[in-house]
Amino acid sequence: MKRMIFCAALLFAVCAPITTGAQNPGTIFIQNATVLTVTHGNIEHGSILIRDGKIAAVGADLKAPEGAAIIDATGQYVMPGIIDCHSHIAVDGSVNEAGPAVSSMANIADVLNPDDINIYRDLAGGVTTANILHGSANPIGGQTVVIKLRWGKPASDLPFEGALPGIKFALGENPKHSNFPTPPGVTPRYPGTRLGVEEVIRQAFIEAREYKKQWDDYNQRKATGEQNLIPPRRNVQLDPLVEVLEGKRYVHAHSYRADEILMLIRVADEFGFKVRTFQHVLEGYKIADEIAASGAGGSTFSDWWAYKMEAFDAIPYNAALMADRGVIVSVNSDDAQEARQLNQEAAKSMKYGGLSANDALKLITLNPAIQLGIDARAGSIDVGKDADLAIYNRDPLSVYAVVQKTLIDGQVYFDRQRDIAGRAKLAEEKQALLDKEKKAAEAKKAEEKSEKAPETKPDKKKKPPHDDGGAVESGVAGGSR
Amino acid sequence: MKILHFSSRAVALILAASLAIPAWTQTATTTSYAIKGGKVFTLAGPAIENGTVLIRDGKIAAVGAGVAIPADAQVIDATGLEVYPGMFDPITQIGLNEVSAVSATLDLSELGDYNPELVAATAVNPASAHIPVTRANGITEVIAAPGATGFDLQSGGLIAGQASAFNLAGWTMDEMRINRSVAMVINWPTIQTRSFDFASFSIKEKPYADVRKEYDKSVNALGDWMDRARHYAQAQEKGSPALYERDLKLEALVPVVRGKLPVLVIADEARDIRNAVDFCTKQNLRMILGSGAEAWKVKELLKDKKIPVVLAPTNRLPEQEDTPYDKPYTEPSELFAAGIPIAFSSFGTAFSRRLPQYAGTAVAYGLPHDEALKAVMLNAAQIFGLADQLGTLEPGKLANIIVTNGDPLELQTQVRYLFIKGQLTSTDNKHRELYEQYRKRPQPAR
């Protein structure tokens, strides 16, 4: 079973990205679509010219250059590729290095799995970029990475070029281990309260500041030409925190309650760094002014609530209320399925809090791009930006919208018609593999039989219920919300 | 932009004020309402333009284009709006689950594997914050099913207890109850070689032969329970109470083995569904399939045995790595096309309000829109034997009605008026209250 799945994944890998097969490779022309630019309105019967993976022109009166591959999008809608600011797809194994309270030495970028089928599934939901985060088991968690969903490419090709790396912080119930009992015989890990969570973060930054000072002194003396200097001892736990202090690494802080959000803003002020985004931030609406003043973004859920105590005051108006007070807000998934419907989730902020359609779209495009510092390259349909696009059969803010194509860097990475057309071949390949496996098993059995005479007969009295054969593997929810 | 928002909100506020719906109460003096001027979707015939729905004493008294409005009826002007039966979420944990991670707020999963005597209605909390939140999105009645969490998260034993149907408004369960027992919940066993062990926080692997043995043992045990219940029923019929010992568990199973109470079997994998159908056929039980993530693989069997399916949320991941990416989205339309009765369901609490979204997604992938409406309003009532009271706008039925400003399956649609048991019911809830409270928070001093 496992082997077969692996082969299926390989088949996809060979297919993607889908080449357009034009004489003028690298030049693609999407024509006659409703173009939702996000930054400068919607263009009816609009076209997008793509050259070498970048948007070269957008408008209503463009002409296709000779030899360009044409994507006819008559009656369809093109929007910027969706950016998911909180994802755990494409991670090999657990997302949590849950041992120490500060696991900043662990890096998600080291364990990217390009064969995770959820990359393809989310791509089929219009997602082109995702912020791949460490889990929320620690006040200071592991390092994070922004990727493009370049399905079929190796892990080294996934990271979003030039995007600043991040680090996951986590406040509240998860880092203080409220909802999972400590196994018997295991000493509970500090911290066990929100008080302790703050202390862990402050202590870590006191050490990081000290460590930074040692290095700064060393580098300064070295620069003056001093000889025979011994460099400070490298500390891989503190290195990323120094990057935070230097503004070279973004802090993405998992948070729920208003008090803990204010706590981290205070701690960040004390040490002179900025929180780039508060993730989940379900009580962000209670202190939207304070978040806005701190310069942090808010990346939240649409309508999740009551799954734990700190989510009991969560309201679906959160995105709209924070946006109204000037917070840059995105709506994220934290879940491979939710990512496939982020267009639907964004639409809910029109119902809850009255955002305009364009502001609703921003929640999953331009705003997460700003939060991740990639808005010069992604998040809207503007000349010069990467051609990361999602094409829907109708207005993507409708529950009835279906993704037809997803492009990254101007290449079609998902094509619904092609996916459907390829299913028969996939089923055929699966059957062939199953047959081969069955044949091999039978041959092996026959061989064993000829070697020794059968001693036992199968008990025919007990008739078991139906059985498809093969063990069933259960998926384990790698929850981190 | 900010001004725009404010003005749209102001309009919404003025609208809300003009409705003048008192905080919800079942002691309202009005017993008669006339909803007039809207487009009425009865689900029992073609839509009626400019129709009137007359409500009296909690029930629908008349529906039509030329219905005379009695003098004592409070008139609700639905001009430009649409009128539908309320939505019905048939497998939920509403009232049994307040905060999922806080066990003190849960009454979902009793200890032990066989609990047929337990009834959800016993512990449904009428003051749950989920009730007003859910009904504000147009869901007027639900079934709470103990232990039936569906899609791979089963708990609460193999026979988890009896599911109860109730309206999402009322001071007590006595006032809310539609039917205390609508189905016996059976969590069909699964064969899982790998499972997550919370005690050690790691994945435990067991040999296939071992889990297979456990599986067969569970299925046999379920059979034993049904056999014993049948003997108990015979003793009840033919003997006198003095001759047998009263057994609450067997007593609860008697309506099941007599075919009076359906079994709601929660199963996802094709193999498990086949085995469950096999079991129910042999035991002569009325089966409703719940969840059924791979029901699309056994369409012919379900059609042949006339087994309805309460669908797992449409918005979910495919079962296997090589399952088509859109299979959960197309499954409802495939089952419908095969002639299998379907109903959408949330299988949850906080996401019960997503019910129309699940139906809408299925429409995007091929389910006819009018069938999707039935699958959130009418079909569950039929599947659970409540269609004489619910599911359509027809005289004599319970007046559970929603008045919307558009397509109830679309994400931006608002429920403007809500009637439960014929009472105009407020759509206020915890979320809107917090919204109003914090929307007005003054800028903090800097």
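Author: Happy to! A residue is buried if 20 or more other C-beta atoms lie within 10 Å of its own, exposed if 12 or fewer, and partly exposed in between, with C-beta atoms placed from the backbone. By that count, 50% of the 481 residues of chain A are buried. This is a predicted model, in which local features need pLDDT of at least 70 and side-chain atom pairs count only at pLDDT 80 or more, while totals for chains, interfaces and linings use all residues. Residues are numbered from 1 along each chain as its sequence is written, and chains are lettered from A in the order in which they are written.

Across the boundary, 27 residues of domain 1 of chain B are in contact with 29 residues of domain 2 of chain B (C-beta atoms, placed from the backbone, within 7 Å).

On the domain 1 side, strands S5 (82-85), S16 (401-404) and S17 (415-420) and helix H12 (430-439) of chain B each supply at least two residues. Helices (H or I, at least four residues) and strands (E, at least two) are DSSP runs, numbered from the N terminus. S17(B) gives the most to this side, with 3 residues. By residue type, the side of domain 1 of chain B that touches domain 2 of chain B has 12 nonpolar, 11 polar and 4 charged residues. Here Ala, Val, Leu, Ile, Met, Phe, Trp, Tyr, Cys and Pro count as nonpolar, Asp, Glu, Lys and Arg as charged, and the others, Gly among them, as polar.

Key: Two residues are in contact if their C-beta atoms, placed from the backbone, lie within 7 Å.
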